[in-house]
Amino acid sequence: MDEQHVLTDRRGNVGSLTLNRPRALNALTHGMVSALSEALTAWEGDDRVRVVVVSGAGERGLCAGGDIRAIYEDARVGGGASAEFWRDEYRLNAYIARYPKPYVAFMDGIVMGGGVGISAHGSVRIVTERSAVAMPETGIGLVPDVGGTYLLARAPGEAGTHLALTGAVVGAADAVWCGLADHFVPSERLGALRGALEDALGEGEGEDDGVGAVRGVVARYAGVAPEGRLASDREWIDGCYAADTVEEIVDRLYGHGHPAAKEAAETILTRSPTALKATLAGLRAARGLPTLERVLEREYRASCAALGTGDLVEGIRAQVIDKDRAPRWAPRELGGVSGAEVSAFLAVPAGGDLWGGRGGL
């Protein structure tokens, strides 16, 4: 069934990739990751395909992330399927980031977790009035992955830290401001835009600047996104999240006085304490790592480590399986997470690192 979950089509100059699991919010399976990689590899050498467009079937969104039910079942039995899935998924994220042809992502509707990975690393990223973009991993005992810490570490000020720790959902304007997207196009114009791209980059056109030519087409359909809020909240975000520890961040948020800061503190305290501390460490490290590939390798280590914490199984249980929204984290408090437990998220997985070998970061 996985080949039916990624539909491929070529019309004019456009190769279209459509995630086709609308009932599951187009959540990624391992087979879908493989299908995306195979299609991109084939089109890289196909001169008829001058632009790639990725979108999601249905009206609800591009992609809600990886198939966390499958991860839950694998983690419960201590299997290795999740690590293999992440290995191929993160390699796909890196491939998208360096894809030699314009890669256009329609980030319409829900775009979370793995959905960010297959879109926000693209060369032309389009959001709409329906876009809901987030990296919500700390809520299930995981850390932001798929290059999420690379992207968020490069957001203005401490906005990325805020989004990573809280898992907050942002709309179109904030996604563009944070660097997760490039253009706002009303959803009703996406069909016309796709049609225009099919005729764009004709033979001999845009040979040296395909992305620039595509952006020129997109500009004809783009508009001004509904107003966001992150830029106006930057004063308290930057001041509070610049702290060195999650505990101090929470204290600053509570002490600031802004209602949104207090709300952020309360949200953070519902997340996995272990995941929160590992996430903050990963974000700070990502600022100093020069390439997406290096960050992805660090994230791969962290994701594999999360499989053994217990919080990942518990978080998915509470949010997706039983849906009681009452995870029993272990430890339950931030102060109970030791430095050694955070350092474990840097350990090379038993099966080797993302790019092979036993280390190298």
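β6 and β8 pair in the parallel sense over three bridges. In this pairing isoleucine 110 faces alanine 132, a residue of β8. The model described here is predicted.

**The three-stranded sheet**

β6 and β8 belong to an open sheet of three strands with the order β4-β6-β8 and parallel pairing. β4 (61–63) and β8 (132–134) are the edge strands; each has a single partner, so one side of each is left without a neighbour in the sheet. On average, and with direction ignored, neighbouring strands of this sheet are turned by 15° against each other.

**The six-stranded sheet**

A further open sheet is formed by six strands in the order β1-β2-β3-β5-β7-β9, and its pairing is mixed. At its edges stand β1 (6–11) and β9 (183–184), each with a single partner strand, so one side of each is left without a neighbour in the sheet.

β1 and β2 pair in the antiparallel sense over six bridges. Within that pairing, arginine 10 stands opposite glycine 15 of β2. The two strands, β1 and β2, form a hairpin with two residues between them. Glycine 12, in the turn, has a positive phi of about 60°.

On the β3 side, strand β2 (residues 14–19) runs parallel to strand β3 (residues 51–56), and six bridges join the two. Serine 16 has valine 53 in β3 as its bridge partner.

Helix α1 (residues 30–44) lies across β1, β2, β3 and β5 (103–107), and runs at about 180° to β2. Helix α9 (residues 210–219) lies across β3, β5, β7 (124–127) and β9, at about 20° to β7.

**Backbone details in loops**

Leucine 25 has a phi near 55°, a positive value in a residue other than glycine. Leucine 25 sits in the loop between β2 and α1. A cis peptide bond, with omega near 0°, leads from alanine 330 to proline 331. Proline 331 belongs to the loop between α15 and α16 (339–343).

**Aromatic pairs**

The count of aromatic pairs comes to two. In one of them, the rings of tyrosine 90 and tyrosine 300 have centres 6.1 Å apart and planes at 90°, so the pair is edge-to-face. Tyrosine 90 lies in helix α3 and tyrosine 300 in helix α14 (residues 292–306), so the pair ties together parts that are 210 residues apart in sequence.

**Pocket and cavities**

Rolling a probe the size of a water molecule over the atoms shows where empty space is left. The largest pocket has a volume of about 920 Å³. It is lined by 37 residues, of which Ala64, Gly65, Gly66, Ile68 and Val320 are the closest to its centre. The elements α2 (68–76), α3 (81–97), β6 (110–112) and α15 (311–321) each give at least two residues to the lining of this largest pocket.

There are two cavities of 30 Å³ or more. The largest cavity is lined by Val143, Pro144, Thr149, Ala278, Thr279, Gly282, Ala286, Leu289, Val295, Arg298, Glu299 and Ala302. Two or more residues of this lining come from each of α13 (273–286) and α14.

Which residues line the second largest cavity? They are Val116, Val133, Ala134, Met135, Leu152, Leu163, Ala168 and Leu180.

Volumes and lining classes are set out below.

| Space | Volume | Lining by class |
|---|---|---|
| Largest pocket | about 920 Å³ | 18 nonpolar, eight polar, eleven charged residues |
| Largest cavity | about 90 Å³ | seven nonpolar, three polar, two charged residues |
| Second largest cavity | about 40 Å³ | eight nonpolar, no polar, no charged residues |

In the largest cavity, the lining includes two charged residues.

Notes
Residues numbered from 1 in each chain as written. Predicted model: local features only at pLDDT ≥ 70, side-chain atom pairs only at ≥ 80, totals over all residues. Heavy atoms only, no water. Pairing = 2+ DSSP bridges. Helix = DSSP H or I, 4+ residues; strand = E, 2+ residues; numbered from the N terminus. Contact = heavy atoms within 4.5 Å. Axes fitted to C-alpha atoms, helices over the stretch in contact; angles between N-to-C directions. 1 Å grid on protein atoms, 1.4 Å probe; cavity = no way out; pocket = protein on both sides within 12 Å on 5 of 7 lines; lining within 4 Å. Points joined across faces, edges and corners; volume = space filled by probe spheres on them. Nonpolar A, V, L, I, M, F, W, Y, C, P; charged D, E, K, R; others polar. Phe/Tyr/Trp six-rings, centres within 6.5 Å; stacked < 30°, edge-to-face > 60°.
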